[in-house]
Amino acid sequence: MAGSTDVAALQASFRKFAIYGDTKATGQEMTGKNWAKLCKECKVMDGKGVTSTDVDIVFSKVKGKTARVISYEEFKKALEELAPKRFKGKSKEEAFDSICQLVAGKEPTNVGVTKAATGGAVDRLTDTTKYTGSHKERFDESGKGKGKSGRENIVDTSGYVGAYKNAGTYDAKVKK
């Protein structure tokens, strides 16, 4: 390969794809699913020279007999296997350099991931200024929730009727 920066970028790409979709992955070993994803997203798989079948066969060839994952060294062997198929007419070294440039520095993308909808309906349903009845009592003027005091009826043990305007003034009148 050309230089150490290419090696570092290739190894970084391997690690990113190795941990993609697996919370327990360490980044030292890559599964067949992630290998296929890397080949597809980095355009190693072109549909003519290199197909998904070729990618799966190469993965099976480089991994150990009972293993289900490949290491970084096996990953480089797999790229060497695919390079002449992907870049016909080039020497093995040139083809390997070209395939490494395709992979180096790439990250897995989230294709087909649904984003949270923030359309008119969601805004309308979550606008606290439009709430009525008992739901209106759960929020203050700024729209921030009151918490437990907004959900429960807190008993007033002051002795006054609920809507009495002069509540709390009796003690002041008696003391004079």
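**Close-up views of a predicted model**

View A. Residues are numbered from 1 along each chain as its sequence is written, and side-chain values use heavy atoms, with hydrogens and water left out. K37 belongs to helix 2 (helices, H or I of at least four residues, and strands, E of at least two, are DSSP runs numbered from the N terminus). With a relative accessible area of 18%, K37 is buried (buried is under 20% relative accessible area, exposed over 50%, and partly exposed in between, with a 1.4 Å probe and protein chains only). Leaving aside residues up to four places away in sequence, K37 touches F17, Y20, P108 and T109, contact being heavy atoms within 4.5 Å.

**View B. Helix 2 and the residue that follows.** Besides K37, the buried residues of helix 2 include N34, W35, L38 and C39. K43, which follows helix 2, has a positive phi near 65°.

**View C. The largest nonpolar core.** Among its 29 residues, W35, L38, F75, L79, L82 and I99 touch the most other members; such a core is a set of buried Ala, Val, Leu, Ile, Met, Phe, Trp, Tyr and Cys residues joined through side-chain atoms within 4.5 Å. Helix 4 (72–86) is one of the helices that supply at least two residues of this core, and its six residues are the largest share. L82 touches W35, C39, V44, V50, D54, V55, V58 and I99, not counting residues up to four places away in sequence.

**View D. Met30 in strand 1.** M30 is found in strand 1 (residues 30–31) and is buried, at 0% relative accessibility. Its contacts, not counting residues up to four places away in sequence, include F14, F17, W35 and L38. M30 and R15, 15 residues apart in sequence, are 8.1 Å apart from C-alpha to C-alpha.

**View E. Helix 5.** The buried residues here are A95, F96, S98, I99, C100 and V103. Just after helix 5, G105 takes a positive phi of about 80°.

Key: Predicted model: local features only at pLDDT ≥ 70, side-chain atom pairs only at ≥ 80, totals over all residues.
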